[in-house]
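The sequence and the model come first.

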Amino acid sequence: MNLSEQQMEALMRKAARTAVEDLLQKLGVDTVDVRETQKDFAHLRTQRKASEQIGTWTRRALLLFVITSACTLLVTGIKGAFADLLK
């Protein structure tokens, strides 16, 4: 069986397409309705970004709490030192 170069290329393209579609289906990606798959990935991206923002805001709140606590301790210490001096 002698295949021309174009026939061989077409056969390889078909085999590659079949392999990719099979792999995507095994991964749970809908290869028939591409729009829905794109919407799913867009939703995942939105959820990931929201999760990252929550992490950022949590770190900021924790840092603010630590700074506020340190300032409170400093002010309380200064008040205590002045109270001892004024007695």
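## Surface

The protein in this predicted model exposes about 8,400 Å². Carbon and sulfur atoms supply 64% of that area. Of the 87 residues, 1% count as buried.

## Fold and overall shape

The secondary structure consists of two helices and zero strands. Helix 2 covers residues 34-86.

The radius of gyration of the protein is 32 Å, whereas a compact globule of 87 residues would have one near 12 Å. Along the principal axes, the C-alpha atoms fill a box of roughly 110 × 25 × 20 Å.

As for contacts between rings, the count of aromatic pairs is zero.

## Gly77

Gly77 is found in helix 2. Is Gly77 buried, exposed or partly exposed? Its relative accessibility is 42%, so Gly77 counts as partly exposed; that class lies between the cut-offs of under 20% for buried and over 50% for exposed.

How far apart are Gly77 and Glu5 in sequence and in space? The two are separated by 72 residues in sequence, and their C-alpha atoms are 86 Å apart.

Notes: Residues are numbered from 1 along each chain as its sequence is written. This is a predicted model: local features need pLDDT of at least 70, side-chain atom pairs count only at pLDDT 80 or more; totals for chains, interfaces and linings use all residues. Side-chain values use heavy atoms; hydrogens and water are left out. Helices (H or I, at least four residues) and strands (E, at least two) are DSSP runs, numbered from the N terminus. The radius of gyration is taken over C-alpha atoms; the globule rule is 2.2 Å times the number of residues to the power 0.38. Buried means under 20% relative accessible area, exposed over 50%, partly exposed in between (1.4 Å probe, protein chains only). Accessible areas come from the Shrake-Rupley method with a 1.4 Å probe; for residues, only the protein chains shown count as cover. Rings of Phe, Tyr and Trp (its six-membered ring) pair if their centres lie within 6.5 Å; planes under 30 degrees apart count as stacked, over 60 as edge-to-face and the rest as tilted.
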